[in-house]
Amino acid sequence: MANDASAVSDAISRNLGALTDPFTPPADSTLWRKNFLLGAATASYQIEGAVDEDGRLPSIWDTFSATPGKVLAGDTGAVACDHYHRWEADVEMLASLGLEGYRLSIAWPRVMDAAGLPNRKGLDFYKRLLNRLKEKGITTSVTVYHWDLPQHLEDRGGWLNRDTAYRFADYADLMSRELAGTVDAWATLNEPWCSAYLGYGNGHHAPGLADGRFATQAMHHLLLAHGLAMPVLRANDPTSQKGIVANIGRGTANSDSAADQRAAHLFEVQHNAWILDPLLKGAYPQDLFELWPGTEPLVLDGDMQTISAPLDFLGINYYFRTNVASDGAHGFRDVQLEGVERTQMGWEVYPDGLRDLLTGFKRTYHNLPPIYITENGMASDDKVIDGHVDDTQRISFLKRHLAAVDQAIKAGVDIRGYFLWSLMDNFEWAFGYERRFGVVHIDYSTQKRTVKRSAELVAKFLKERKARV
Ligand code: FCB
């Protein structure tokens, strides 16, 4: 990593030193409003384990992680946090922290067989889990698809095959018929950008294909899947909220030169407009095809209308910014900034990016729906010492990103809640178990959960807020 460790720790202590309280928002923060939902997020493949149990079929992530060289240290999601067996204790933990919302995802290969028929045992798991969350008074946000595509669908072309979008609508139909009444908000997809680009464009994620043309076609089919599922969810579960979750990235220019400014613009087109334009404007950004000539997806009549049906909410996942310069041709290249604070992932800590993107979207999209921050958080190499985990950098990270959310709300963006990523350390995709994003530490050899200091402070704030009249 192009980062000097002591410069980073200095930056962290400067940031922490400047704060009188390491987490609690200032008195004038909108986050004190009781209707601002504060919760935590996870995803099925990253926490559940039990990949062969109760009729679950293989997913593309089982196949990918079993392929040598694809995941750091050869880690797989076979056991993960063993949440499939420990879910009751995990819900207890969530409730005892006072977290008000929980965002989880359903494993498609656990609940449907290859013929499209329900797998009762898998479905019962989610029914028990969601019922318990509702009993505890926790707001439930369910993502229908967080990357664990059944392998049998990938064998028929996965997201390159238009038919997968229709199979997804069938799956969303089954889920919303079975789970209606226990779900407060449905998100069709998590981060289609990552599924399309990392899965089919550069091969860093399952299924590991790498072709620019594949990425745009996969994106189109993912968005079509979302659009086909929306009316189905509405029909089956009319009172819940329906939307989608998109990852967004801040791109800033390395210099004032027109070429670098253009590069930063293209970075944001590729990361943000590529998904938000079709959803909110019903068209792909043409600049995208300037960046990647010849990659226009095959779009059939009516598709863009299906994709751009109104959303009840937009879920936003934000992690970092990328500083870019022109690559001398039509594109951009990353230019790593020195001396800035970074996380265990090497990602720059840049809360202003979240505020600037949100206020920018409000200017760009007149029909921007209410927003939930559905993921935000950071990885650190956390250790349990004398029974405690002092995740100082995360405390500061969360505080500063929540302050950015507060600023965006004050600037007029309708933001209804924030789910930190993640409730617990988990299988971080191609990085396996080494990168720890949780506010709860997992000892993978014993499955012991240890609440980190960050979770204690979030809990303290939520308790104080609840006690206010
Ligand atoms: C997001 C994913 C989530 C997690 C975080 C760190 O892109 O949605 O599952 O891995 O990154």
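Select the shell around the ligand: by class, you get five nonpolar, three polar and three charged residues (Ala, Val, Leu, Ile, Met, Phe, Trp, Tyr, Cys and Pro count as nonpolar, Asp, Glu, Lys and Arg as charged, the others, Gly among them, as polar). This is a predicted model, where local features need pLDDT of at least 70 and side-chain atom pairs pLDDT 80 or more, while totals for chains, interfaces and linings use all residues. Numbering runs from 1 along each chain as its sequence is written, and side-chain values use heavy atoms, with hydrogens and water left out.

Now label that shell: Gln46, His146, Trp147, Asn190, Glu191, Tyr319, Glu375, Trp421, Glu428, Trp429 and Phe437 surround the ligand, each with a heavy atom within 4 Å of it.

Next, pick out the ligand's oxygen atoms. Asn190 has a polar side-chain atom 3.0 Å from a ligand oxygen, and for Glu375 the distance from a side-chain N or O atom is 3.0 Å. Of the 300 Å² of accessible area (Shrake-Rupley, 1.4 Å probe) that the ligand has on its own, the protein covers 95%.

Zoom out: where does the ligand sit? In the largest pocket, with more than half of its atoms within 2 Å of the pocket's grid points. A pocket here is an open set of points on a 1 Å grid over the protein atoms alone, where a 1.4 Å probe fits, with protein on both sides within 12 Å along at least five of seven lines; lining residues have an atom within 4 Å of a point. The space in this one is about 1100 Å³, as filled by probe spheres set on the points, which are joined across faces, edges and corners. Finish on Trp193, Leu198, Phe320, Met345 and Trp347, the closest to the pocket's centre of its 43 lining residues.

Definitions and conventions: Polar contact = N/O pair within 3.5 Å; in protein donor to acceptor, adjacent residues only side chain to side chain.
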